[in-house]
Every structure is written in C-alpha cells, then in structure tokens.
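Hello,

The structure we talked about is placed below. My notes on it follow.

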Amino acid sequence: MRLTDRIQTVPDDPEEATDPADIFHDAVGSIFSDDVRDQHGHPSATILYKSEKYGTLKLKVATPEQELDWRLFAHYLWNAGVKMAILWNVAGERVLELGSGCGLPGIVATLAGATEVKLSDYPSPSTFRALHHNIATNVPVSLQSGISAAPHVWGDFFTSSRSRFPLSSSCTLSASQPRHYTRVLAADTYWLQSQHANLARSMLHFLAMEERARVLMIAGFHTGRKVLGRWFETAKKEGLDVEVAWEESGDGAVREWMVGRQEGFEEEKKWMVLAVLKRKR
C-alpha cells in the first residue's frame, strides 16, 4: 500500500461549494499513480487515516486565524507524520511529539500501547483545539488518561506560558517534565533553519537519560536536502548523535541518505529522510 493510500480528505459539508482546484489537488494521487501529494487536509474537511490495526481515524487540522497560524503549517497533515504513525513500535515507551500538528503519530502511539503520550506544538489556540478534538474523537475513554496536549516553544525552558497561552497549566511542559521521555517524535519540523538549534535543544531537554532513549525523526524533501543536511550538523553540535539515517519512498523503497543527491523535484518529493538520534555519551 502506498503511503498516500491511507489518507482520504472528506468535506465536512458536501453541499458547500469547494474550490475546484482543491478538489483536483486531492484527487491527483488517485488519477496519476506516480504523483505523491506530500500534504493533506483542509480546515473545512476531515482527514480519514486508514489503519489495519486501529480502523479509520478521523482527524481535523487547525483552522488558521492569524498570519502566524499560516506559517506554522499545522493546517496540514504531512506524509512524514503519516509515516511516523506506522513505522516505529513505541509500546511501553513514554512518548513526546514535538510539532504535533493534528497529532496523528502521538494518537497512534497511545493506541499502540505507549505508557504516556504528550502532544506538543507552538501555543496557537487553533492548533490545540484540533489536537483536543482529535484525542477525544480517536482515543477510547479508557486510554485518554494516558495522552494529553501541552504548548511548548522550542528552546524556551524558562518562560511561563500562561500569559501567552491561557489554555496552558500553571507550569510549563519544559519545567515539569525534563529528561522524561524515552521516545521523542518529530515529523516535518525541520524546514525553518533558524530554529534548528532550538529544536535540538528541546529534544535533549525532554529526552530521558536512559540508555534506550531515542529521538525518531522523519522529514520530507520539500524541506530541502541542504537544509536537512544542516539540521544533522546542528543536531550533532548541540549533543545528538545520528545512530542511523536512510531515505524511504512513499511506496516503501529504501536507499542511502545522501545530502548531495541530484534529482528533479517530482522525483525527490516521493522520498523522505528518516533517522534515529541519541544523546551523545
């Protein structure tokens, strides 16, 4: 099964007129089998994620309300998030997702048996409305005590978030749970090069000191190969070692990770880079 075959976007109100360009864009992957759409969703639609193990999950994305919301790109589910949801076994782990967006990987982690899951993203009310909705919709009541959502600004470990984000608790996520998580997930959070150091610092801040603790990362090449190469350089400088890294396509083909690989955009966007990072010892 192709990665994109797991995703279907359904208008919430079929009677409402939808931009024909959006309809065509959603259908391209079905019409042309070689096309890979790397982002999915619309604020006025529901994303259906089809899982062999957990059935069909129904996801809403954020509805951008201000300019910053558009720049966060939380109003899409990206292929890296879809891949993250099906790749690694996190049963029995304490899981933090950075840049959760609609929260698919973290929600699936809960269904898969993670002992604790925290979804985090920039403190945008629209993003957290979507996260809370998706948790309530897709996680059985019996498991909901094991998953929650909290705001976190990468690299910010001291500022109280109450004044910036009224929905947050009195103490920040970073203050309450440092060195706590045995798995830190981050899918398509690498496009903003100016935030690479802050992202790496957040990973290290939350990553448990246990030997088995790992960061699991996936990024689509719409980010740019050179930008991803610089991410790995920054991560190493900040204190993360790359245990393994490789490239994988939407249909499961695997090849070596190469920052200097030359190919056209249509071919490149079919691929993602995946890596397992650990704390330097």
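The buried residues of α7 are H196, A197, L199, A200, S202, M203, L204, H205 and F206, where buried means under 20% relative accessible area, exposed over 50% and partly exposed in between (1.4 Å probe, protein chains only). Nine of the eleven residues of α7 are buried, so the helix is largely enclosed by the rest of the structure. Helices (H or I, at least four residues) and strands (E, at least two) are DSSP runs, numbered from the N terminus.

Before the rest, the terms of the model: it is predicted, local features need pLDDT of at least 70, side-chain atom pairs count only at pLDDT 80 or more, and totals for chains, interfaces and linings use all residues. Residues are numbered from 1 along each chain as its sequence is written, and side-chain values use heavy atoms, with hydrogens and water left out.

The axes of α7 (residues 196-206) and α8 (residues 225-238) come within 9 Å and cross at roughly 50°. Axes here are lines fitted to C-alpha atoms, for helices over the stretch in contact, and angles run from 0 to 180 degrees between N-to-C directions. That makes α7 oblique to α8; angles under 35 degrees count as roughly parallel, over 145 as roughly antiparallel, 65 to 115 as roughly perpendicular and the rest as oblique. On the α7 side the contact is made by H196, A197, L199, A200, R201, M203 and L204, and on the α8 side by V227, R230, W231, T234, A235 and E238. Contact means heavy atoms within 4.5 Å.

**The eight-stranded sheet**

Eight strands form an open sheet with mixed pairing, in the order β8-β7-β6-β9-β10-β13-β11-β12. Two strands pair if DSSP finds at least two bridges between them. At the edges are β8 (147-151) and β12, each pairing on one side only. From one strand to the next the twist averages 25°.

Within this sheet, β9 (residues 183-187) and β10 run parallel and are joined by five bridges, with L185 standing opposite L216 in β10. Seven of the seven residues of β10 (residues 214-220) are buried, so this strand is largely enclosed by the rest of the structure. Both of its faces are covered: R214, L216, I218 and G220 are buried on one side, and V215, M217 and A219 on the other. β11 pairs with β13 (residues 271-279) in the antiparallel sense over nine bridges, and W246 has L274 of β13 as its bridge partner.

Two helices lie across parts of this sheet. Helix α3 (residues 79-87) lies across β9, β10, β11 and β13, at about 140° to β10. Helix α5 (residues 125-138) lies across β7 (116-121) and β8, at about 175° to β8.

**A253**

A253 sits in the loop between β11 (240-249) and β12 (254-256). A253 is partly exposed, with a relative accessible area of 32%. Not counting residues up to four places away in sequence, A253 touches E247, E248 and W271. A253 and W271 are 18 residues apart in sequence and 8.8 Å apart in space, C-alpha to C-alpha.

**The three-stranded sheet**

A further open sheet has three strands in the order β1-β3-β4, with antiparallel pairing. Its edge strands are β1 (7-11) and β4 (55-59). Five bridges join β1 to β3 (residues 45-51), and Q8 has L48 of β3 as its bridge partner. Helix α4 (residues 104-111) lies across β3 and β4, running at about 140° to β4.

Regards
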